[in-house]
Amino acid sequence: MAPPVVSDGAAGGEPAALPSPLESWGWNESWVAAFAPLLADGHAPARVIAQHRGHWLLAGETGEWLASLTGRLRHEARMGELPAVGDWVGCVRPDDGGAARIDAILPRRSAFVRRAPGSRVGSQTVAANVDTLFITTSLNADLNPRRLERYVAMARESGAAPVLLLTKDDLVEDGAAIVERLADELRIPVVALSSHTGEGVEALRPWLVRGQTVALVGSSGVGKSTLLNHLAGQELMATREIREDDGRGRHTTTHRELFRLPDGTLMLDTPGVREIGLWDAEAGLDDTFDEILDLADRCRYRNCGHTLEPGCAVRAAVADGRLDEIRLESYRKLGGELAGQPSEAERREVKRQFFKSTEVAAHARARRRNDGWRDR
């Protein structure tokens, strides 16, 4: 999508010059300074705008192209540090016109990270270098305050500013009361809207700024792609009608992709997630439940577990109604989830064992090929 023409306020209302291809994807002076060492080594800057299996779609000064990783980067990157949508990367483009390769990743200004799905121990970066996270859920069927606490903790840990979007406001009658309750409990901006009617969408304007990156995260079928299409003024992502049995959308975005809106905002659409495990989010968790930490400071014992200990200020707050016990249980659950995660040393060992097993398998395949050649 072409970037918009924006007036610079000159006499006669002449439009400002269009940004360069890189600038239209968020490139600015701070990124120029960060990239200087890579530029001196002959790398070309680009931004990851989509991720597919084994390949990344990049946007650079000369257009868009697919790229893979150099062997060095693939081997040296720690878990969760492979390129993610939103990353700025340094590319190597062969003179013979061969496929581009990503050789370096600029340090991220923010990263929305979750525990990798499934049984594998590790992390997955959902979105990088995001300024605002639109945590999206629907008012009619998907609303789950406990899940929202997870998202908010992860968002605060990421370095991006969280905003809660409550979609499908046209399908409920008490949307305003829910907005007030969640804004008070989560202490972040909350906006109720309907992507289909457009009601409430205008309230998003403070976060839709040219050159700023906004990511849509949330469960499947809550209206993320519908909102993106509404803001873009065209169908960028296909959507389907909601299911009658549970009121949730049928569509699931299948990959992460960064789009340019007509106003110059960069919006990242992400697939809905079934698993939203926390990863290295201690600070974000503490910020999300800071009222419990404030109470804990008044407990008689510094190591109070807030169960049966005498003089527990947290349990006293639950008893007199100042603290919701369900919220305390959620804090305990999420804290226990983080406490059970492996240390950095243990993660490095997992990666070492993975590469060791890969090398052993490669040697075994080579031996089988050699044995087959000798048998001929």
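Q: Which residues of α3 meet residues in α9, and how is such a contact read?

A: In this predicted model, Arg146, Glu149 and Arg150 of α3 meet Ile326, Arg327, Ser330, Lys333, Leu334 and Glu337 of α9, where contact means heavy atoms within 4.5 Å. By class, the contact of α3 with α9 has two nonpolar, one polar and six charged residues (nonpolar: Ala, Val, Leu, Ile, Met, Phe, Trp, Tyr, Cys and Pro; charged: Asp, Glu, Lys and Arg; polar: the others, Gly among them). Residues are numbered from 1 along each chain as its sequence is written, and side-chain values use heavy atoms, with hydrogens and water left out. Because the model is predicted, local features need pLDDT of at least 70 and side-chain atom pairs count only at pLDDT 80 or more, whereas totals for chains, interfaces and linings use all residues.

Q: At what angle do the axes of α3 and α9 cross?

A: Two packed helices are described by the angle between their axes and the distance between the axes. Here the axes of α3 (residues 145-158) and α9 (residues 325-339) come within 11 Å and cross at roughly 45°, each axis being a line fitted to C-alpha atoms over the stretch in contact, with angles from 0 to 180 degrees between N-to-C directions. The two helices are therefore oblique to each other (under 35 degrees is roughly parallel, over 145 roughly antiparallel, 65 to 115 roughly perpendicular, and the rest oblique). Helix α3 passes α9 in a right-handed crossing, in which the near helix is turned clockwise from the far one by less than a right angle.

Q: How many residues of α5 are buried, and what covers them?

A: Helices are DSSP runs of H or I with at least four residues, strands runs of E with at least two, numbered from the N terminus. In α5 (residues 224-232), eight of the nine residues are buried (under 20% relative accessible area, with exposed over 50% and partly exposed in between; 1.4 Å probe, protein chains only). Lys224, Ser225 and Thr226 are among the buried residues, and their cover in the helix as a whole includes β8 (132-138), β9 (161-167), β11 (213-218), β12 (257-260) and β13 (266-269). After α5 comes Gly233, with a positive phi near 75°.

Q: Where do Asn129 and Lys168 lie?

A: Asn129 lies in the loop between β7 (123-128) and β8, and its phi is near 55°, a positive value in a residue other than glycine; at 6% relative accessibility, Asn129 counts as buried. Lys168 is in the loop between β9 and α4 (175-186), with phi near 60°, and is buried with a relative accessible area of 9%.
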